[in-house]
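Thanks for coming, everyone. Let me put the structure up, and then we'll walk through two parts of it.

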Amino acid sequence: MRPRAPRFTVADVTAAQQEHEDVDAVVIGAGFAGLYMLHRLRGSGMSVVVLEAGDGIGGTWFWNRYPGARCDSESSYYSYSFSDELQQEWEWTERYPRQPEILAYLNHVADRFDLRRDIRLGRRVTAATFDDGGDRWEVLTDTGERWSAPFLVTAVGCLSSANIPKIPGLDAFDGEWFHTGMWPHEGVSFAGKRVGVVGTGSTGIQAIPVIAAEADHLTVFQRTANYSIPARNGPLAPAEQAEVKRNYDAIRDLQRSTTNGHPYRISERTALSVTDDERDAIYAAAWERGGLRFRASFADLLTDADANETASEFIRARIAETVQDAGVAEMLTPRDHPFATKRPPIDTHYFETYNRDDVTLVDVKASPIEEVTPTGMRTAAGHHELDTIVFATGFDAMTGPLLGIDVRGTGGATLRDAWAEGPKTYLGLQVAGFPNLFTITGPGSPSVLTNMPTSIEQHVDWITDCIAHLREQGVRRIEAVPEAQEAWVAHTNEVAAATLLPRAGSSWYLGANVPGKPRVFMPYAGGFAAYTRRCDEVAAAGYEGFALSR
Ligand code: NAP
């Protein structure tokens, strides 16, 4: 028998741990992915437990309660498609759903499908070790519980491990500080406060206008200027909602056949094949319509630098005409990366916020943050007095949540070692050397480049079918073949290199936002529809690229 990981020695087993339970599958996380995984596995007759760190379900939408938090995908399609009854009965109120509304939706789903009885809240999984002899995963939580199951599915999210910059002096700050991804449930009052926001990604850009409206003074610490498109949010008219509900079958089919899992196609026109006036009119219409669809205006915005520059320039011109102070407008103008090579934010009055007298923009690329003092933040250019600091500094994306668990596969090998040079997976679904472990929206899958619920449903359906097949065939073990994994990693790199996506030097897609993290383009950029086809072919060919053993 191969050596087992040292984590589960007899001496370590406390009384609580001895009460370990056997189930057919352990799922980690009770967000969009974990809830649906539970529903599907239970539906195929398996006993399942979902272990969730939070005190409530909802994942991203449980934790991210910062001011202005809402989804950048539209409510009609940022939702489950697996139940027509569900999509017919649920009423969304706005074009883009607010965080409390999505959280209410997920709680409704948990009740409607009777999911709660198999969800254990307030338990963070700290370790998962594969028992080579027994073909089982042994899972340990921070409450000392042990669970054992032949199958382990991670539903930990791609953006759930907060990235809090290690700024000297933060511990000695006299005021309060928060990370947007760990927002207090009771809320935060900014009234009468001098507030600093660090970060101008999608989160910062949502939060900044809302905080500015409440705070006495807001100072925004910007490292990289960002392109942002107006969201054009508003209430969903009943007639519009009824129309969506009537057409849901077609909408869902379209979502599944597109590059990004959205119910619209990327234009087939190339940006330089039309006249300047035609191109401007197309961008202007997309700007008026608002939202992420702007990036679908032309076929080649992510593959041709000259084409992209036309979109980048269009947005730069909108910033220049919106922001009254020319110096501030220039600071807000992105010039160091092409549009949409970092995940593009969408906003409600973001650039307009800098026209307020009580908002100051500080360029921390030119003058880096040096320290937090008891009364504020010092950059190379001077000191800013603050009562409250908000870190909208993002996440240790994609790998962070998985590497936060001490995962050990065959022979006690750690996931951390397996991914020392960056994540390596087969289809983003499995990692060689870690049998019977499935990673929903793992690195190497389209995940964050798509509408997440669409990708989540595809992964969950594939995993459910796979496990059902294994159980029917009496297969005890499924494992990615190292050569298949290498080929997939090479393909993932090749597909990314054919786009402009790796050109954004500071992008979290590349792991570049976390000091010391290997720089590898992590999601699969070949598109949702092409990816789904590949997954289906693999399954149809008897799970090609996986080793199945009885
Ligand atoms: P992010 O995109 O990684 O942005 C983090 C921001 O903080 C960036 O401006 C970054 O600057 C800055 N930053 C990080 N560390 C810093 C430091 N030490 N000093 C100064 N500035 C620092 O994170 P996010 O805004 O939370 O968004 C992450 C992803 O979550 C999004 O891209 C999106 O996929 C998802 N999201 C979705 C929604 C939605 O749909 N509603 C909303 C929010 C977020 P650099 O750019 O220079 O690194």
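Start with helix H9, residues 276-289. It has 14 residues, and at 1.5 Å a residue they should span 20 Å. The end C-alpha atoms are 20 Å apart, so expectation and model agree. Keep in mind that this is a predicted model.

Which residues of H9 are buried? They are Arg279, Ile282, Tyr283, Ala286 and Trp287. Look down the axis of H9: these buried residues fall within an arc of 135 degrees, so they line one face of the helix. Why does that work? An α-helix has 3.6 residues a turn, so residues three or four places apart point the same way.

What does the buried side of H9 pack against? Its buried residues meet strand S12 (229-230) and helix H10 (305-322). Now turn to the face of H9 that points away from the buried side. There you find Asp277 and Glu288, both exposed. Just after H9 comes Gly290, with a positive phi of about 80 degrees.

Next, the ligand. There are 23 residues around it, and Arg70, Thr203, Arg223, Thr224 and Lys342 come nearest. Helix H6, residues 202-214, gives the most to this shell: three residues.

Now some atom pairs. A side-chain N or O atom of Thr224 is 2.5 Å from an oxygen atom of the ligand. For Thr203, a polar side-chain atom lies 2.6 Å from a ligand oxygen. Thr200 uses its backbone: an N or O atom there is 2.9 Å from an oxygen of the ligand. How much of the ligand does the protein bury? Taken alone, the ligand exposes 900 Å², and the protein buries 88% of that.

Terms used
Residues numbered from 1 in each chain as written. Predicted model: local features only at pLDDT ≥ 70, side-chain atom pairs only at ≥ 80, totals over all residues. Heavy atoms only, no water. Helix = DSSP H or I, 4+ residues; strand = E, 2+ residues; numbered from the N terminus. Expected span 1.5 Å × (residues − 1). Buried < 20%, exposed > 50% of the residue type's maximum accessible area, 1.4 Å probe, protein only. Arc of directions from axis to C-beta. Contact = heavy atoms within 4.5 Å. Near = heavy atom within 4 Å. Polar contact = N/O pair within 3.5 Å; in protein donor to acceptor, adjacent residues only side chain to side chain. Areas by Shrake-Rupley, 256 points an atom, 1.4 Å probe, with all protein chains shown as cover.
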